[in-house]
Amino acid sequence: MTEELELILSQLTQPDNAVIQQATVQLKQAFKDPAIIPALCAVMSGSQKPQIRQSAAVMLRLRVKKHWKKINPNDRESLKTVVLQAFMQETEHTVQHSLSQLCAMMVKHETPDRWPDLLQLLNQATKSSNPHDRQVGLLLLNKVMESNPEPFKPHYCQLLQLFTVVLQDLQNPTALYYCILTLTAITAYTGTEEMNLMRSIIPHLIVALKHLIKADQSQASEAMEVFNELMESEVSIIVPHIADIVRLCLEVGSDTTLNDSVRVKALSCIAFLIKLKSKTVLKQKLLTPILQAIFPILIAAPPPGEQDPEDQEDDSGDGADNDNPKHCSAQIIDTMALHMPPEKLFQQLMPMTQTCLASENPYERKGGLMCLAVLAEGCADHIRTKMLSSVLQTVCQSLSDSNQVVRSASLFALGQFSEHLQPEVSKYCAELMPLLLGYLSSLNQAKVGHVTKAFYALENFMENLGADIEPYLPTLMETMLSALNNAESLKIKELAVSAIGAIANAAKELLVPYFPPVIESLKGFLTTTSEEMRSLQTQSLDTLSVLARAIGKDVFSPLAAECVRLGLNLTDTIDDPDLRRCTYSLYSAVSTVSPDCLTPHLPAITTIMLLALKSNEGITAHVEEDKTFVLLDDDDDDDDNDVEVKDSVEFLEDESDTDLHDVAGFSVENAYIDEKEDACDALGEIAFSTGAAFQPFLESSFQQVYEMRDFPHEDVRRAAFGAMGQFCRAQHLVWKEIPTEANHQALLKLLDVVLPCFVESVRTEHERQVVMGILETMNNVMKSCKEEAFKNPARLKEISHVIRDVLKKKTVCQDGGGDEADDEEQQAEYDAMLQEFAGEGIPLVASSVPADKFSPFLNDLLPLLMNKTKSSCTVADRSFSVGTIGEILQALVTAPGGAGVAGRLSNRLLPVLVAGARDSDAEVRNNSVFGLGCLAQAAGPICVTDYPMMLSVFSSMLTKESDLRVIDNLCGALCRMIHSNVDAVPLEQVVPALVGRLPLKEDMDENKTVYSCLAMLYTHSPALVLGLMKPIVAASSQVLGNGKVDQETQSMLALLMRDFAQQHSAAFQAAVSSLPGEQQAALSAALS
C-alpha cells in the first residue's frame, strides 16, 4: 500500500485539476483501510520527496486529531517510535515543522509520562553539543509545549534551567528564537515555585533579544511578545527589571535602521506596560526617559519625497494603518493620558509640546498638535478646567497654517477636542463654525483626503451643539444636499450623508423641513446593488438610524415599516458584515419609534443577529500549516451511510473549529467584531422596546448573548453585558404590564443569573472600559427593577461589597492587590470615572431596600465617599462625592425607615455638606446645597435643631451667589426644609426672598419642589402667599407651557392659578395685566 499511497500523494501536488480530483477519490478509498496508518508512517519516513513526506505527516496529524481512539494500540505505539526517528533523521525544515506538530497533537492524547521516549529525545537534543541538534530539539520542544503547556508543569523548573543555558548561546539565534517562544507559551502556567528561576532569566532574556534583533528582525518581533505575556501573567517577576525592559524597547523603537514591525512591537510593549503598571512606571521615574525617546519619533519628518500615511491623499481616514512607529508613539502618549494622573503627566509633557508647537519645522508643529489631540480623551477634565482657551487658540491658529500637514493635524485635534471636551468646547461655536464652514465652501476643488479630516472635525463639533446649530442650518444643509446630488466622488457623498447624521443629532426637529429631500437621496442609495456603492450604503443606513431617533415620532413613523423592509432586502441580497451591522442599528432605532412595525419581522431579525453572534466567520486561526488538504473537502459522501467514509471526509477537512492550543493565535477581522457588538446592542434595545412581543425570542437571545461575555474582544464583552442588563429590564417591563406569576419567576430567574455574573466580572475583568460598562448596566437594572433586584437575600451584600471594592481600588482592572502605596489624591481621570460609576450605585441600592437593612453597608461606604470631599481632591472628585451623598439622602426620603437612618447620619454629613456649600467650584456648591435640602427632607423632625445654622448658610449664599444653577438649588433646598418642618422656618423672611429668585433659570427639575411647596403654603399660610401673588403669577407665566418643565408640575401650577382666579379674581387680574402680552397669552392658554 505504501507505493500506492506515495503515488496518490504525488498526484495531489500536480497542477492538473482532473488528476487531483481522481487522486482525492482514491485517497478517500485508501482511508477505509486500517493499514493506512502504517503506510503513512512508511511514506513519512521513507519517501525521497520532502513535499510527500510533509503531506504524510500532515495527514497523520489530522488523523490523530480526530481519531486517536480508533487507531489500534499497536499502530499507536509504532507511530510514537516512527515519528521520533523520522524527526531526528529529517533534514528539511518544513518537514521537521510538520513532524513537530504531529508530535504535539499526539501529546494531547498521550500525556508526556506515557511517552518517555519523547522526553528522553527532548532532553538529549536540547543539550546536544551539536548546534543543529539543539535547534531541532528546541523546535520540537516549542511545538509540543505550545499545544500542551499544562501536562509539562512537573518539568517547568528543569525547563527553566535549560532556558537559562540556551539563552546564553548567543551564536545560535534560531535556538534563542524557539527558546523564547517556549518561555512565552509556559509563562501563563508558571506558579510560585518557578518564580525565582523566572526572575533570574530576565536579564539573559534581554541580552538574547538584542542578539536576535541583529540576526532576524521578524523572529525578534515575534519573540518580544514574551514581555507582554510576562506583564499580563506575573507582573511581580518583571517589576525589578522594568527599567531594563523599557530601555531595550526604547532603543529598538528609536533605531531607524531597523524595520518598522520590530520597532512597532517594541513601542507597543511600552504602551502595554503603561496600561498595566502606570504606577510602577512613575515610581521608577521612567516617564521622562520614555517621553524623551518617543518625542523625536513623533515629530520626525518622513524621508524626502514621501508623506506620513495619514497625510497621503488616498488615506481613508479610518486610521487602519497603525503599524508605524509614529502612530505607536502617539499611542503611548494616549495610553499615558488614560492611565496616569494628569498633573504628573502634563508637568513633563507640556514643555516638550510647547517647544514643538512654536517650531519652524512643520512636522514638529504637527507632532505638537497630535500630542494635544491624543491627550483629550484621558485628560479631558484637566484640559477643560485648566487650559481650554489656550489649547483651542493654538488649534484655531493652526487651522490656517501655511502647511497642509499642520492644517490636517489641527483638524484631527479639533475633532478629538469636540468629542471629549464637552460641554465647554461648544461655547466656542462662534469662533469655530466659520472656520469649519470655510473648509466646506471649497468642497469640489479640495483633495478628498483633506476634506475627510475637515468633515471629521465638523461632525464631532456639530453633534453636540443642540439648538445652537440653528443659525448655521441653512448653509450646512444646502452644502450637504448639493453634495448628495452633484458630487462626482462617492467618498464626498458618503461624508455628506454622515454629516447629515451629526446635524440631525444636534438639530432634532429643526431638521424637519429638510427631511423629504434627505430621505429621497438615502432611498436612492439604498436600493442599488452595485459593489462600489457599498460603503455609501452602510453610511446611509447609519444616518437613517440617527434620523429615526432625532426627527421625532410623528415624522418618522410613516417610514418605519419601509425602513425595516429596506434593511431585510439588503441583507438578503448582499453578504457584508458592515452592512448587516448597520441594519441592526436601524431596527434598533425603529423599535424606539414604532415598535409595532418591527414585531412581524422579529423572527427574521433575531435569526440573523443570533447567527452573527454564533458565527466564526472572519476569525482566522493562525495554524502553521500548508493548506493543500482543503482541496479534499468536497461534500460528496457517496450517499451511502458508511460512517467511516463520512468520518474520513470530515477528517480530511482541516476543520474550522481548530482547537485553541493548535493555534499560534487568532486574528478577527474588525468588521465581524463590530457586527457582534452591534448585534448585542440591538438585541438588548429591541427586547426592551418591543416588550411582550419579544418574549418568544428572549431565552434564545439571552443564551447566545451570555456566551459572548468571554469573547476575546473587549467591545463585544461590553456589549454583551449591556444586552444582558437590557433583557432584565425588558422582562421587568413585561411583568409590570402582564403581572402573572410566570412572568415574575422569569424575571427573578434572569436576575439570579445576571447580577452575580456582573458582580464577578467587575472583580475579574481586565479591561477598565468593560468594567465601567458593567457598572453602568448594573445601575440601570437596579433603577428599573428596584426591590426585585434584591429579592435574593445574598444580593444586597454582594452588590454593596463590590461597590466598596471598586471605591477601594481592589479589582483586577484597577491594578488591585498591588503592594504600592497609592497617593490617594492623584489618579488618572478614567480611574476616577470608574469609581464614579460604582458610587452611582449606592443611592440606587438605598432606594431599593429598607433603610435599616442597607444601613450597615452604608456605614462602610460613606467614609470612602467622604475621603473624596477634602479640599486637596480634584473638583471632579469633590463634586462626585457630595453629589452622591445628596442622592443617597434623596433616596432615604422615600425608603422605608429612611428618616431614622438619615437622622443618625446627620451629624457626620452636615459638616461635609456645609463645607461643600462654601467650595470655590460652583458644581460642588450646587451639589452640597442639594444635599443639605435632602438631609432636611429625609431626617424630618430629627434635624430641626440644625435649621438655624442651615438657614444662615443659605441666606448668606442667596445674597452672594452668582451661579444660576446654584441659586435654583438654593430655592429647592429652602422648599425642602419648609415642606419637612414648616414651623421651624421663619416664613415671613424666607418666602419673599425665595419668590424673588423665581422663575428658575437652569435646573428645571427643581420646579416641582418649588411649586409643590408654594401650593402647600397656600393652604398653610394663605395670607403670606396672596401678598406675593404678583411675583408668583409672573414666575408662573414663564413655567406654564415651557417644554422643559414636566407635565405634573405644570398641572399642579395650573390648579393653583385657577384657584387664584376664582377665589381672588381682582388681585389675580391685576397681577396678570401687569405682565407683557406674550406672558398673558401663555397664562390664558394654560388655564383654558
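## Second largest pocket

In this predicted model, the second largest pocket is lined by 49 residues, and Ala876, Ser879, Phe880, Glu923 and Asn927 lie nearest its centre. A pocket here is an open set of points on a 1 Å grid over the protein atoms alone, where a 1.4 Å probe fits, with protein on both sides within 12 Å along at least five of seven lines; lining residues have an atom within 4 Å of a point. Elements giving two or more residues to this lining include helix 19 (342-357), helix 44 (875-894) and helix 46 (922-939). Helix 44 gives the most, with 9 residues. Helices are DSSP runs (H or I, at least four residues), numbered from the N terminus.

By class, the lining has 21 charged residues (Asp, Glu, Lys and Arg), 16 polar and 12 nonpolar.

## Helix 16

Helix 16 (residues 260-283) has a kink of about 105°, centred on Lys277. The bend at a residue is the angle between axes fitted to the seven residues ending there and the seven starting there. Between its end C-alpha atoms helix 16 spans only 30 Å, whereas a straight helix of 24 residues would span 34 Å at 1.5 Å a residue.

## Basis of the values

Residues are numbered from 1 along each chain as its sequence is written, and side-chain values use heavy atoms, without hydrogens and water. Local features need pLDDT of at least 70 and side-chain atom pairs count only at pLDDT 80 or more, while totals for chains, interfaces and linings use all residues.

How values were computed. The expected span of a helix is 1.5 Å times one less than its number of residues.
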